[in-house]
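Here is a briefing on pockets, strands and helices. Please keep the sequence and the model side by side while reading.

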Amino acid sequence: MQNLKGKIVSFKYRDRKESFSGFLIDYNDKWTLIMYNPVDYVVDGYLLLKSDKILKYKIEEEELFKENVLKAKNIIPTEDDIFPITDLAETLKLISDRFGAFKIEEKDDRVCYIGRFVKMTKKDLYIQEIDSQAKWGEIGKFKLQSIRTIEFGSDYINSLIVYNKEMEK
């Protein structure tokens, strides 16, 4: 996949009906980082996909066209889009510092949890959750092996963070 970095790639993912699409930023045997393209010609943050849940990936006519449109809009990955993904705890600390929060999804993609990094053990991730009203709340504990995706830098998450900062003034 090394030669696919910087290209729009679609990933068929275990436990999901729809594919994930985006500019491939980086990957390793544990995680794959994309600049997330959820629909049409829109980029909305980033997505870390658990590499062992990827069934297959593709670049076909649709992906090539999306890539060309996004490049025409001057939406392309830059050096600022590269995050170290070798150590998940360090990555999540960096994301929390830079973006304020991230979203995790487990097998059931109808439920998600948004929060900022607190700590990580060998088996669990602890985050301080933020609710849909942009209020920081309890510390949530999640089994690392249950986490399927980690999203950050999206409009929804950024909106919660911005509104929370306004409420705190």
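Lining the second largest pocket are 17 residues, and Lys30, Trp31, Lys50, Leu88 and Leu144 lie nearest its centre. This is a predicted model: local features need pLDDT of at least 70, side-chain atom pairs count only at pLDDT 80 or more, and totals for chains, interfaces and linings use all residues. Residues are numbered from 1 along each chain as its sequence is written, and side-chain values use heavy atoms, with hydrogens and water left out.

**Pockets**

- The second largest pocket holds about 310 Å³ of space. A pocket is an open set of points on a 1 Å grid over the protein atoms alone, where a 1.4 Å probe fits, with protein on both sides within 12 Å along at least five of seven lines; lining residues have an atom within 4 Å of a point. A volume is the space filled by probe spheres set on the points, which are joined across faces, edges and corners.
- Its lining divides into six nonpolar, four polar and seven charged residues. Ala, Val, Leu, Ile, Met, Phe, Trp, Tyr, Cys and Pro count as nonpolar, Asp, Glu, Lys and Arg as charged, and the others, Gly among them, as polar.
- The largest pocket holds about 390 Å³. Its lining has 21 residues, with Glu18, Ser19, Phe20, Tyr36 and Pro38 closest to the centre.
- Eleven charged residues line the largest pocket, alongside five nonpolar and five polar ones.
- Strand 2 (20-27), helix 1 (61-72), strand 6 (102-105) and strand 10 (149-152) each give this lining at least two residues. Helix 1 supplies the largest share, three residues. Helices (H or I, at least four residues) and strands (E, at least two) are DSSP runs, numbered from the N terminus.

**Strand 2 and its partners**

- Seven of the eight residues of strand 2 are buried, so the rest of the structure largely encloses this strand. Buried means under 20% relative accessible area, exposed over 50%, and partly exposed in between (1.4 Å probe, protein chains only).
- Strand 1 (residues 8-13) pairs with strand 2 in the antiparallel sense, over four bridges. Two strands pair if DSSP finds at least two bridges between them.
- Ile8 has Phe23 of strand 2 as its bridge partner.
- The hairpin of strand 1 and strand 2 has six residues between the strands, and Asp15 there takes a positive phi near 75 degrees.
- Strand 2 also pairs with strand 3 (residues 31-36), antiparallel over five bridges. Asp26 stands opposite Leu33 in strand 3.
- Three residues form the hairpin link from strand 2 to strand 3.

**Helices**

- Helix 1 has twelve residues and reaches 16 Å from first C-alpha to last, close to the 16 Å expected at 1.5 Å a residue. The expected span is 1.5 Å times one less than the number of residues.
- Glu63, Lys66, Glu67 and Leu70 are buried in helix 1. The buried residues of helix 1 fall within an arc of 100 degrees seen down its axis, so they line one face. The arc is that of the directions from the helix axis to the C-beta atoms.
- Exposed Glu61 and Ala72 sit on the face of helix 1 turned away from its buried side.
- In helix 2 (residues 88-99), the buried residues are Leu88, Ala89, Thr91, Leu92, Ile95, Ser96 and Phe99. They cover an arc of only 160 degrees around the axis, which puts them on the same side of helix 2.
- In helix 3 (residues 155-167), Ile157, Leu160, Ile161 and Asn164 are buried. The buried residues of helix 3 stay within an arc of 95 degrees, so they line one face.
- Asp155 and Val162 are exposed on the other side of helix 3.
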